[in-house]
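Please consult the sequence and the structure alongside the text.

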Amino acid sequence: MVAEFNDVAGWTADAVEQLGDRYAIPAACRGSSSPAALAWLAEACELSAGTRLLDVGAGVGGPAAWAAERFGVRPLLLEPMQTACRAAARLFGLPVITADGARIPLRTGSIDAAWCLGVLCTVEDKAVLLGEIHRVLRPGASLGLLVAVARGPASQAAPDGNYFPTQRELVSLLTRAGFRLTEQTNRPGDAPLSWSRRAEEVTALVTATHRATRAYKLAARQGRRLNHLLATDQISMQLIHAVVTEREAVWSY
Ligand SMILES: C[S@@+](CC[C@H](N)C(=O)[O-])C[C@H]1O[C@@H](n2cnc3c(N)ncnc32)[C@H](O)[C@@H]1O
């Protein structure tokens, strides 16, 4: 996980600095590589100029930078990996908080909308993460999620540190945290070549520079495992829009 989310993040920023600014957003969308997926989430969450958007597990910051550029939102990035935080600040100059999503250092009800893209499946205690996101969102606010959902029981081939929820588990987690799932799709549309070619050029430069390192080999193995699960239909990428409701009351007798 450190190799995948920390080392590769720094290498990605280095490669973008060599290739040019227009490579930054496609290369820095690490869980969500399609602009169609981001547009679906942005429209579902009704993002607009000035919306305070918290991106939890923001990685290198591509999705938040895209939302700022296209929708005029005011993004705030939260990411636990220090090198990824530095990479996001270097590439986009956006405000970044280095913290874990289980303890978000923000006031209750202070955020208009949140994204959490490709993060939930890497977190063991999903209820705590969703509970914290719920706490910092204002009443009625939107949450956009990109989640790899398991079709059946957990696979042995899952990348290290990944815990994929089933659809039923995901709905239950959201409901218990105080969200209502309003809409879901797995067909947002592919990225156009103008986007995917830039992302691939950055990946090729990172590979050429770092392929001999242990961190690169570990990260590549994680990627292969994830692709295998997707190709064999054991997991599917789901985009989800949910809104803040009340937490389910927990009764004790
Ligand atoms: C697949 S990457 C996605 C990055 C970004 N959201 C994107 O779509 O480009 C998953 C990110 O989740 C972060 N992450 C993992 N555990 C986390 C936690 N407990 N709280 C917040 N972020 C976490 C990782 O460091 C990594 O940057």
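Which residue in β5 stands opposite A113? The residue opposite A113 is S142. The model is a predicted one, in which local features need pLDDT of at least 70 and side-chain atom pairs count only at pLDDT 80 or more, while totals for chains, interfaces and linings use all residues. Residues are numbered from 1 along each chain as its sequence is written, and side-chain values use heavy atoms, with hydrogens and water left out.

**Strands**

Helices (H or I, at least four residues) and strands (E, at least two residues) are DSSP runs numbered from the N terminus. Two strands are said to pair if DSSP finds at least two bridges between them.

| Strand pair | Bridges | Residues opposite each other |
| β4 and β5 | six bridges | A113 and S142 |
| β1 and β2 | five bridges | R52 and R74 |

Burial is defined by relative accessible area: buried means under 20%, exposed over 50%, and partly exposed in between, with a 1.4 Å probe and protein chains only. By this criterion β4 is mostly covered, with six of its seven residues buried. Strand β1 is likewise mostly covered, as four of its five residues are buried.

L117 belongs to strand β4. Its relative accessible area is 7%, and L117 is therefore classed as buried. The C-alpha atom of L117 is separated by 9.4 Å from that of C29, although the two residues are 88 residues apart along the chain.

**Helix α3**

Helix α3 spans residues 35-44 and is mostly covered, seven of its ten residues being buried. These buried residues are P35, A37, L38, W40, L41, A42 and A44.

At the start of α3, a side-chain oxygen of S34 comes to within 3.0 Å of the backbone nitrogen of A36. Just after α3, E46 adopts a positive phi of about 50°.

**Ligand site**

The ligand is surrounded by 20 residues, the closest being R30, G57, E79, G101 and L117; a residue is counted if one of its heavy atoms lies within 4 Å of the ligand. By class, this shell holds ten nonpolar, seven polar and three charged residues. Here Ala, Val, Leu, Ile, Met, Phe, Trp, Tyr, Cys and Pro count as nonpolar, Asp, Glu, Lys and Arg as charged, and the others, Gly among them, as polar.

A polar backbone atom of R30 is 2.6 Å from an oxygen atom of the ligand. For G57, a backbone N or O atom lies 2.7 Å from a ligand nitrogen atom. In the side chain of D100, an N or O atom is 3.0 Å from a nitrogen atom of the ligand. The protein covers 93% of the 590 Å² of accessible area that the ligand has on its own, areas being computed by the Shrake-Rupley method with a 1.4 Å probe.

**Loop between β5 and α7**

N162 is located in the loop between β5 and α7 (167-177). With a relative accessible area of 13%, N162 is buried. Leaving aside neighbours within four places in sequence, N162 is in contact (heavy atoms within 4.5 Å) with C121, T122 and Q222.

Methods. Polar contact = N/O pair within 3.5 Å; in protein donor to acceptor, adjacent residues only side chain to side chain.
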